[in-house]
Each structure stands twice: as C-alpha cells, then as structure tokens.
Amino acid sequence: MGFNMMQHIRQISHAWKRYFVRLRRIGSGKGFGIQSPSAFRFVTEVVNAPHPADACPPIRDCDKPVSSRQRNLFLLYARMTKDSRAAEVWNVGEPSDTFRHYVAAACTPTLYRQIEAKACTVFPTDGTLLIRLPHACIDQQLCQQLVEAAPARTVLVLEDIYLTPQALQCWQWITQQPQTGDSFDLFDCGIVFFQKNLFKNHYRVNIKKQNLS
C-alpha cells in the first residue's frame, strides 16, 4: 500500500475519532465539573470565549491557505496571547505569516519569533512565553529539552496530539512531568502550563467551532 493511501486512511480515521471525541465531550466547553477558578476562567473566557473574534480582527491567509480548523486554532492562540500578555510567542518549525499576523493583531507589544527546533535553547527571563509546536516538530527529544529548560511562565501548545502514537505519547509524557502544571486536551491541540498550582489537573475540553469565513 502506497504512502499517500496510508496517509489518506490515517486522515479519515483521525476525522472519525475527532467526531466521536467531540460527542463524548459535549458540555465540557462550558466548564462543567471544573472546580479550579483559574481553569474554569481559562476554558470559558479564553478557549471558548463568548465573543471569540474580539481578540483580533478577521485576518485572511497571508501565506499558503490554511483550513478553517487551523484558523480557529490561530484565533485561540491570539486570545491566549492577549489574555496572558505574553512577552514572546515562538512558532517552531515551518514559518506561518498567518499565525504571525494573528499574534500581532492580538497583542502588538508581543515579540513574535520564528524558531528552528534545534534553536529552542535560549529562553526569555521575564514575562510569559507562548510556544506553538506543530505536529511535524513533536518528538521526544525536543519535548524533553523544553520541559527541562523552559521558564516557569511558559505555555506550550502541541498540535494534533492524536494524529500519531508518537505525538500522543509525547503529550502524555509532558503532562506527567513535575515541571508542568495544569493541562488542557482540546483534541486538535494540547495546552500545558508550566506555572504550577498546588494541585495539577488535566482537563479534556471541546473548543467551539467558529464561523471564520
């Protein structure tokens, strides 16, 4: 069986898994069952904000076209950037002008940096750092490097954590490390905070589909 056929089968399987996972998580996006005030606020006011487009104005694709699902994630990252007042946002791997424009529109003072995976070694000393790690860049060595060296006010986003067993294994490993705090499994991405609370919790949450056309 050819590589393209295997990739097509994987994408179909992933789409079906996503559909059933969303069904199981109905209601999670409203914060039901979340007792932590900070986690409840993050889910209801950032992940599933009442007015999600308020973080930044509508932006068309600035480089190669991206899917509505990816733009929905970019809009989430823009809200996260604005909410955390991130000092820096790192995009690891392949450049994305679209993502850069979302970050700039959400929070102008934020420094956006395009980073190669091997260059994730020098971290800012002040302020919150938001790191976007696309699926193609997820590997155990890089994840271990980030966990060991990233500052306490880091927010790490791993995309498509259920697409391959390797990505899921890396995501699960990160959430179990003592350096990390609360984590949020949105299926399309995983978000983990390095700033630890007294009790670490893991949440599985649906992110609302937005009409971004």
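Helix H3 (residues 68–84) and helix H4 (residues 97–106) pack with their axes 8 Å apart and at an angle of about 35 degrees. Here axes are lines fitted to C-alpha atoms, for helices over the stretch in contact, and angles run from 0 to 180 degrees between N-to-C directions. Helices (H or I, at least four residues) and strands (E, at least two) are DSSP runs, numbered from the N terminus. The crossing of H3 and H4 is right-handed; a crossing takes this name if the near helix is turned clockwise from the far one by less than a right angle, and is left-handed if anticlockwise. On the H3 side, the contact is made by Arg71, Phe74, Leu75, Tyr77, Ala78, Thr81 and Lys82, and on the H4 side by Thr98, Phe99, Tyr102, Val103 and Ala106, where contact means heavy atoms within 4.5 Å. Sorted by class, these residues are 8 nonpolar, 2 polar and 2 charged. In this scheme Ala, Val, Leu, Ile, Met, Phe, Trp, Tyr, Cys and Pro count as nonpolar, Asp, Glu, Lys and Arg as charged, and the others, Gly among them, as polar.

The model is predicted, so local features need pLDDT of at least 70 and side-chain atom pairs count only at pLDDT 80 or more, whereas totals for chains, interfaces and linings use all residues. Residues are numbered from 1 along each chain as its sequence is written, and side-chain values use heavy atoms, with hydrogens and water left out.

Ser84 also belongs to helix H3. With a relative accessible area of 23%, Ser84 is partly exposed; buried means under 20% relative accessible area, exposed over 50%, and partly exposed in between (1.4 Å probe, protein chains only). The C-alpha atoms of Ser84 and Cys107 are 9.8 Å apart in space, while the two residues are 23 apart in sequence.

Aromatic rings come next. The structure holds 11 aromatic pairs. Rings of Phe, Tyr and Trp (its six-membered ring) pair if their centres lie within 6.5 Å; planes under 30 degrees apart count as stacked, over 60 as edge-to-face and the rest as tilted. The rings of Phe42 and Phe184 are tilted, because their planes stand at 50 degrees, with the centres 4.8 Å apart. Phe42 lies in helix H2 (residues 37–47) and Phe184 in strand E5 (residues 183–185), so this pair ties together parts that are 142 residues apart in sequence. Both Phe42 and Phe184 are buried. Phe184 also forms a stacked pair with Tyr203, at 5.1 Å centre to centre and 20 degrees between the planes. Tyr203 lies in strand E7 (residues 202–204) and Phe184 in strand E5, so the second pair ties together parts that are 19 residues apart in sequence. Like Phe184, Tyr203 is buried.

Arg132 lies over the face of Phe99, at 5.3 Å from the ring centre; a charge sits over a ring if NZ of Lys or CZ of Arg is within 6 Å of the ring centre and within 35 degrees of the ring normal.

Leu133 lies in strand E3 (residues 129–133) and is buried, with a relative accessible area of 0%. Leaving aside residues up to four places away in sequence, Leu133 touches Val92, Ile138, Leu142, Cys143, Leu146, Leu156, Val157, Leu158 and Glu159. Leu133 and Glu94 are 39 residues apart along the chain, and their C-alpha atoms are separated by 9.9 Å.

The loops hold some backbone details for a careful eye. Asp160, in the loop between E4 and H6, has a positive phi of about 55 degrees although it is not a glycine. Asp160 counts as buried at 12% relative accessibility. Tyr162 lies in the loop between strand E4 (154–159) and helix H6 (165–175) and counts as buried at 18% relative accessibility. Tyr162 and Gly190 are 28 residues apart in sequence and 9.5 Å apart in space, C-alpha to C-alpha. Phe187, found in the loop between E5 and strand E6 (189–193), is not a glycine but has a positive phi of about 70 degrees. At 2% relative accessibility, Phe187 counts as buried.

For the protein as a whole, the secondary structure comes to 6 helices and 7 strands. Buried residues make up 48% of the 213 residues.
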